[in-house]
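User: I am new to this structure and would like to learn how to read its features step by step. Could you take me through them?

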Amino acid sequence: MHFFTIPPPAAAAPAFIIFFGFFILHNNSIFCNATPSNFSCIPSERQALLSFKHDLHDPALRLASWVGHDCCNWSGVVCSELTPHHVHKLLLGDPDDQFYQKRLSGEINPSLVDLKHLRHLDLSVSLIGGARIPEFLGSLRSLRYLNLSYTIFSGMIPHQLGNLTNLHSLDLHSIYGEFIGTYSSPYAKNLQWLSQLSSLRYLDMSSIDLEEASDWLEVTNSLPSLEVLRLSYCNLNFIFRAISHVNFSSLSLLDLSRNYLGNNIPLWVFNLRSLTSLYLSGIANGASIPDGIQNLTFLVHLDLSDNSLNTSMPSWLYSLSHLEVLNLAGNQLTGTISSEIKNMTSIITLDLSGNELQGDLPTSSMAQLCKLKEIELSVNPWNLPISQILDSCSGCLSDSLQVLNIRGGQIYGHITNKIGQFKTLTSLDLFNNSISGPIPASLGNLSSLTHLELSSNSISGPILASLGNISSLTHLELSSNSISGPIPASLGNLSSLRVVFLGYNHISETLPESLGQLVNLEHLEIYKNQIEGIVSEAHFANTTSLRSFSAWDNRLALKVGQDWVPPFQLESLDMGSCHLGPRFPMWVRSQKTLFSLVLSNTSLADVLPAWIFNFSELQYLDLSQNQMHGRIPNLTNMGMLEYSAIDLSQNHFEGPLPLVSSKVYELDLSDNLLSGSISQFLCSSPSEPMNMAALDLAKNRLSGKLPNCWSKWKNIQLLYLNYNSFGGGIPSSFGSLIFLQSLHLRRNNLFGIFSLFSLQNCINLVTLDLNQNKFEGNIPTWLETSPPKLRILSAGFNKFHGHIPKELCALNSLQILDLSNNNLSGPIPQCFNNFSIMAIKVADSPGFWYNVSRHSSTSYVEAALLLIKGKPIEYNKTLALVNIMDLSGNSLSGHIPLEITNLSNLLSLNLSNNLLDGEIPVKIGNMRELESIDFSKNKLSGEIPQSMSSLNFLSYLNLSYNNLSGKIPTGTQLQSFNSSSFVGNKLCGPPLTPNCSTNGEVTVVEKNRKEDDHEMSWFYIGMAVGFIVGFWGFCGSLIFNRTWRHSYFMFLDCIKDQIYVASVLKLRWFREMITSCYNNQ
């Protein structure tokens, strides 16, 4: 291109002087200011910026430089180089999230409209916002770039933004996806204002609710310059009418992710031939991969993840030679990877995770993908040896591969030394497979490796010292394996190490002090091993970055000075089952950022320090299973944050219950020596409602009546008051516990009529344990409709009377029914076969736990003490598999209903100690899961049904003391029981007798029992006669014969004198011997 011709120097001088003079007049600021950094901004614009700053909160002090007159020097402010120096750019975004938790917040001051020459406004990734995006932003007509992404604006998008006709880039990506539930998503009812932005090249309205904006397609199609269109999470209303003309043919990137389309993708997408990036994740359900994609030959990035695509990978897909990123994760793709994958010569990232792919990998074809850097094959049923995986990644692929992730891929076999060929590998993730064998030595040669994840496999052998050579390693995760031996001291050389997870292994010996040199270490987990020895201050010498330390269930002893101040500030500390006591570790007080503190079973035998509840961030405290003593201070300071949990169970605390903060979510004070009433604890709580969901006061010495002030504890879901000495009845305010799921009142002194209204609103009840109290009255019939989820009803050892109500049969979720040892009468209801859990065996029985805890690795597991097989057994983890019915110890009469034999999933049936008559149901063999039957001490008659011999799981049987007769059925089961299971009847056959007589007479065993009783009677008679004869034969002679009496007593006196003289002589001889020995010395 021709600009001008340079004349000779002499001729050019006058022209040059004139041009230079004009240049000086036009650009005098160049000479008035030494450098552009000394530009002086317009006063009105400076004042506008100061007003803008006034309405912002700046915890990171990003605007600290906004002082003085020269606003062009302020942080985030860019002025034009030409005079006058208007503010052109305001850059206050935080795209890298450097100021997390210290983001700018507040509202946009209208003073910004005074920045009339502002071209670039970036307020992204901040907490700046308000009810809606300010309409006055539409007055900034010079804007070419507007970025309000990830701010907290809500409300309707103002149509005034359509006045920004010079806009090239508009980013309104909402923060709604990140803070769902806290902020409502911005929305638009139409997008007509967008049609005025003819210069727009970049548009991102992701997470803006566009459900009512049915014109979104027509409007965006009218933007001829548009190159990037992002509309993910917009709840788009798709209209499948054809577009007559695709106007945005220059579109290179289209993102319609997370907008549900059903099973169809609009055809106009496949006419965008200039597309290089297409994001369609989460838009379909069960469709196949659209064939139209093969027309988009320039595609570089294709994302079809999370669409439940239920087909195989089409052959044309491998012909997209420009494709660099292919994401098909989270679908239901089947089949194998074709050998045609070798045609994808540009592929860099391949993500096929979360599908149903299986079979062999095309080893030779994949090895030719020389540009491939990331392979993600996780969560597929590959069922392949790890050796084949490594072979597929050989060839030129081994020189470029950086990421290999196959989590949960059913991979097995040993990791061989071939792993050492991947010199560029930065991440190796084989979590949750079946890999076995030792860690190969060549793994230590991967000098670029940063992440090593081999957890949840079957790897054995030691941790090799060669891993200490991987200087770039930041994450070492080997938990849940069978690794043994010591932790190598060489790990202390890995100065970049941030995460070490070694839990659930068989690691032994001592903890190396070299770990104390890991200055970047943030998380150290060595729990559930056999590590032993002393942990000293040297183990933490330079661990200034340590945030969590978990060493529970080892044989470690922490020995540090009482005045030790650690170099770290922990957020989580768990040393459960280690040795820390007997004194409470004072260094814990220095940990100001503690979120979770677990020191259970650590031999602490100290009083509870009051400062332990003053941590402002502490949410989980577990000091259970120690010998802590004294009184528990009030817990009103802990629980400043939501969902706080405190576990002080299994200690020796005494005195009254402490007061608690309204925000405490879980409180366990069980198994202590706490005493007195709970009235002050319940009724003196803060005025605001209590947040508590789980309260465990079991196994203490608490007494008095249950106060009637439970209405402030409406959030309680689990309530354990069992094993105390509470008296009185159930307070009516129990009815306000509408979220209550588990109520344990076992073994108290509660009495009175069990009120109909006390628990009728507790519709979420799953467990109701009233056992071993003094409740009376009828079984309440409200159970028919109120707690439909009830699975455990335990009301044994009370004083309930009357008939068992038929309404009880409506509880079809019931799996444990215990009404034993009451005063119930009448027949057993025939409708008991409605208990479907007892009748039908479910393949995946729901676990018996409550998802209440926000901190524990496992939720609350229900427990129950049940009488099974003649002895009490406590069930917890396996309780979901236990189905029992215990009606023993009552006065029930009538026949055993035939319908009860439909309960084929019942494990234990106890009807003993009643007045039942009639025969044992002939179909009792249908109850195939029965392990325990007790029908003893009733009036049952007839023969034992032959079907009972087919109960293969039966291990306890008691039919004693009835009126049963006939032969005991033969089979492998009944003959294995002791004869005591059948005594008190008229039965014959093994195990009572070898066989039965033909006339059905009383069995030999029964005769022998009578003969044994007869012999025992004669034994006692003979013993009495012998005592009388012996005693009175001797004493009577002395009483009635005076001569014999005098002779006998003279004989006793003589014997006494002889014993006395002999004793005195012996004593004198002993003293002389002692004196002689002493004199000789």
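This is a predicted model: local features need pLDDT of at least 70, side-chain atom pairs count only at pLDDT 80 or more; totals for chains, interfaces and linings use all residues.

User: What is a disulfide, and what pattern do the disulfides of the protein chain follow?

Analyst: In general, a disulfide is a covalent bond between the sulfur atoms of two cysteines. When the bonded cysteines are counted along the protein chain, the pattern here is 1-2, 3-4, 5-6, 7-8, 9-10, 11-12.

User: How far apart are the sulfur atoms of C41 and C71, and where do these cysteines lie?

Analyst: The sulfur atoms of C41 and C71 are 2.0 Å apart, and the two form a disulfide. This pair links distant parts of the chain, 30 residues apart, with C41 in the loop between α2 (29–32) and α3 (43–54) and C71 in the loop between β1 (56–57) and β2 (77–79). Both C41 and C71 are buried.

User: Which hand does the link of C683 and C709 have, and is C683 buried or partly exposed?

Analyst: C683 and C709 form a disulfide with their sulfur atoms 1.9 Å apart, and the link is left-handed, with -65 degrees about the S-S bond. C683 belongs to helix α8 (residues 679–683), whereas C709 sits in the loop between β40 (701–705) and β41 (718–720), 26 residues apart. For burial, the cut-off is a relative accessible area under 20%; C683, at 36% relative accessibility, therefore counts as partly exposed, while C709, at 14%, counts as buried.

User: Why is the disulfide of C809 and C831 right-handed?

Analyst: The disulfide of C809 and C831 is right-handed because the torsion about its S-S bond is about 60 degrees. C809 lies in the loop between β48 (799–803) and β49 (816–818), and C831 in the loop between β50 (823–826) and α9 (836–839), so the pair ties together parts that are 22 residues apart in sequence. C809 is buried, with a relative accessible area of 4%, whereas C831 is partly exposed, with a relative accessible area of 21%.

User: How many helices and strands does the protein chain have, and what share of its residues is buried?

Analyst: The secondary structure of the protein chain comes to eleven helices and 63 strands, and buried residues make up 50% of its 1081 residues. Among contacts in the protein chain with a separation of 6 or more, 57% are between residues 24 or more positions apart.

User: Which domain does UniProt list for residues 43–80?

Analyst: In an unreviewed entry, UniProt lists these residues as "domain: Leucine-rich repeat-containing N-terminal plant-type". Over residues 43–80 the chain is 32% helix and 13% strand, and the end C-alpha atoms are 15 Å apart.

Technical notes
Residues are numbered from 1 along each chain as its sequence is written. Side-chain values use heavy atoms; hydrogens and water are left out. UniProt positions are given in the numbering used here, feature names are shortened, and annotations may be inferred rather than shown by experiment. Helices (H or I, at least four residues) and strands (E, at least two) are DSSP runs, numbered from the N terminus. Buried means under 20% relative accessible area, exposed over 50%, partly exposed in between (1.4 Å probe, protein chains only). Contact means heavy atoms within 4.5 Å. A disulfide is a pair of cysteine sulfur atoms within 2.5 Å.
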